[in-house]
Amino acid sequence: MPNILKKLIWLTVVVFGVLAVATIALHRGEQINAMWLVVAAFCCYALGYRFYSAFISAKVLALDPNRATPAERLDNGRDFVPTNKWVVFGHHFAAIAGPGPLVGPVLAAQFGYLPGTLWILAGSVLGGCVQDFVILLFSVRRDGKSMTEMARDEIGRVGGFVAYVAVISIIVILLCACALIVVNALKSSPWGVFTIAMTIPIAVLMGLYIRRLRPGRVLESSILGFVLVLIAIWGGQWVSQTPSVAAWFTYSATTLALVIIIYGFAASALPVWLLLAPRDYLSTFVKLGTIGMLALGIVVARPTLHMPALTRFIDGTGPVFAGTIFPFAFITIACGAISGFHSLISSGTTPKLIRREHETRMVGYGAMMAESLVAIMATIAACVLQPGTYFAINSPAGVVGQSPEAAAATISNWGFFVTAADMHSLAQLVGEQTLFNRTGGAPVFAVGMANIFSHSLGGQAVMAIWYHFAIMFEALFILTVLDAGTRVGRFMIQDALGHIWKPLGRTSWYPSILGTSALIVAAWGFFLWQGVKDPLGGINSLWPLFGISNQLLAIVALCVATTIIIKMGKTRYVAVTLLPLVWLVAVTFTASWQKIFSDDPRLGFLSHARQLEISGSGTDLARRIFNDRLDAAVAGLLVILVAVILAESLREWTRVLSGRKEAHVKEAPFVATRFATEEQA
Amino acid sequence: MTRRWESLRFASAISGLSHASRRIVSLFVAALREVFDESAYSRYLQRNSLTPSRRSYAEFLGENEQAKARRPRCC
């Protein structure tokens, strides 16, 4: 293509991008079409990938197309396998895409569509994509080492320890926040409970099918499982409309929490092939299909955003979660913008599949862009709803009032008009008894998604089917995270305990399996129970803690990356990772500080405990005060971990830059790739 | 002559398009097979010179159980 034509094309992308971002940012008082968000996203990603990631590849990382990757050098046909870049891209995206980019943007929509959208775009292009890309490349250059190993090698033993604690805490907090979302989505919903309950026998059936009937035919069994899930959704409608049967599947939040805790324990202790693996396959199948469908639905329906660009709740008085736009918008949306958890995937299976070094750019940077697009779609799904409806679904009863009329009056007084009758009609339309106080983000996302889908296909007549499809999709996603996370946490505890007493580290010794499973389930189960009992909705406390722990892991990853860049002698380009690091430190410190010490009882754990001490009542008062203090202690521990990893990294950087320590990177030695000559031939 | 040249160009464009779409579909299927561990099973069979069977699949699952169970699923 002639050079001038290329320049013209990129100039057009810049013009469209600027126009779209300006439209999103500057429109006030009138509704805009969701396509502006899509156009802005595509232009930002295109420019970020074409120019910024190319700059990082060439100048900072100096990607070498002649250097053999561990997949080539250590090829064993098992863990290390040179794989086509598109295949690795799909594999990596399937691993990083979870419920986070769906839930976070939905919760953050209480500030309006603008803050979340801008953070998702800027955060991913300048932070999240960069983190995933550099960690993937550094792992590739270190024979596929994990993030915790790289932290230990490059920053020191303290860095490795902090990374370990960060991973454990993020797993525990993530699991309880996820479980709470499922509980809130399924409470008093016989249709939802039936559908989700059916996914357990379906997964077991798939496991038996793959192992006994048609060994290894995973895709085939996933399609079969998907068809069975669709039948379960359809059957759920009959269940909900048959009062005698519906009663079997109607549960309160506390009962559901207990069921999920028992389920988590069983999933951790059962053989992988029976439940975990088939559910993982089914979830991946549904996930990839639904994300594609949602993208198509948005383009076909081109819905209008009813949520204003900014709401009155940027001052921190929001009902969904307490806290001002800074830092809480940036804590609430983690996975769609920058997620520390991704660094575990980028230094896990993916580096062992990369065929050529330069492909890390497409896989690392590119897959995170796709994840960010999912977050944009979630923002759209939440913001196409009338703001009154959004707040009626997403606000806890403790804030807006117990009865539908009281809740509708409170929300209407905020300037977001809604009536109890409107909400009742909507609940009937989606086949639920009520949609008031369904906090956690999942029901809002499901209503928004059903809205978009029903406009594209089937109209309002199938709204209920789409709603329960969306609930099933999210719950399946989340329960997969719960299964896998509980098991990963169990292994991590077993690894640690194995240093104390060897048999405890044996992953095949049943007493150890049961004991460590109970330990990890008790950890997240405790916080889940606390969240379910919290009159403010639980997610108000748990999601910010999850965001803080996730960003802590991102801080560890960016500290590792910055240290390596300095040791590579590329200090002049250190801003590439240092700027997102500084931003995240500011966000994490501020959020943790406010969560612990804020005078506002809705925000600060300690002030809430003090308020309960002075004016609280009820039989569980002492437990609630203890819970607040425990949450404060957890937030405090996270801040201390941030401070420790930063201090260790700063010490390492100072020693290297002052010449007191040799700038030595612990990379695998250079070996020329045979793929380069093969391609030339 | 011009008409023949145009029909040749048309045929070549169609062939190119069909080649490209075949390649996209095969890449898509390959990605799905990798995501769903079917490729890993094929590699296992090849590495150990085995044929697909219940027993070989059970052995494959046994070998991969630890790796599969330790693989985190992102939030």
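I began with confidence along chain B of this predicted model, and found that, among the elements of chain B, helix 2 has the highest mean pLDDT, at 90, while helix 3 has the lowest, at 81. For chain B taken overall I noted an average pLDDT of 84, with 95% of the residues scoring at least 70. For the complex I wrote down the predictor's ipTM of 0.79 beside its pTM of 0.90.

Next I looked up how chain B is divided, and the domain assignment gives domain 1 as 1–36 and domain 2 as 37–75. The C-alpha centres of domain 1 of chain B and domain 2 of chain B lie 33 Å apart.

I then turned to the interface, where 29 residues of chain B are in contact with 45 residues of chain A. On the chain B side, the elements that give two or more residues are helix 1 (2–35), helix 2 (38–47) and helix 3 (54–70) of chain B. Which of these helices gives the most to the side of chain B that touches chain A? I found that helix 3 of chain B does, with nine residues. Sorting the chain B residues on that side by class, I counted 15 nonpolar, twelve charged and two polar.

Within chain A I followed helix 1 (residues 3–26) and helix 2 (residues 35–60), whose axes come within 8 Å and cross at roughly 135°. I noted the crossing of helix 1 of chain A past helix 2 of chain A as left-handed. Among the residues making this contact are A:Trp10, A:Phe16 and A:Gly17 of helix 1 of chain A, and A:Trp36, A:Cys43, A:Cys44 and A:Arg50 of helix 2 of chain A. By class, I recorded 15 nonpolar residues, two polar and one charged in this contact of helix 1 of chain A with helix 2 of chain A.

My last entry concerns helix 9 (residues 190–213) of chain A and helix 13 (residues 272–301) of chain A, which pack at an angle of about 100° with their axes 8 Å apart. That angle makes helix 9 of chain A roughly perpendicular to helix 13 of chain A. The contact includes A:Met206, A:Gly207 and A:Arg211 of helix 9 of chain A, and A:Trp273, A:Pro278 and A:Arg279 of helix 13 of chain A. I sorted the residues of this contact between helix 9 of chain A and helix 13 of chain A into ten nonpolar, one polar and two charged.

Methods
Residues are numbered from 1 along each chain as its sequence is written. Chains are lettered from A and ligands numbered from 1 in the order in which they are written. This is a predicted model: local features need pLDDT of at least 70, side-chain atom pairs count only at pLDDT 80 or more; totals for chains, interfaces and linings use all residues. Two residues are in contact if their C-beta atoms, placed from the backbone, lie within 7 Å. Helices (H or I, at least four residues) and strands (E, at least two) are DSSP runs, numbered from the N terminus. Ala, Val, Leu, Ile, Met, Phe, Trp, Tyr, Cys and Pro count as nonpolar, Asp, Glu, Lys and Arg as charged, and the others, Gly among them, as polar. Domain bounds come from an automatic or database domain assignment. pLDDT is the predictor's confidence in each residue, from 0 to 100. Axes are lines fitted to C-alpha atoms, for helices over the stretch in contact, and angles run from 0 to 180 degrees between N-to-C directions. A crossing is left-handed if the near helix is turned anticlockwise from the far one by less than a right angle, and right-handed if clockwise. Angles under 35 degrees count as roughly parallel, over 145 as roughly antiparallel, 65 to 115 as roughly perpendicular and the rest as oblique.
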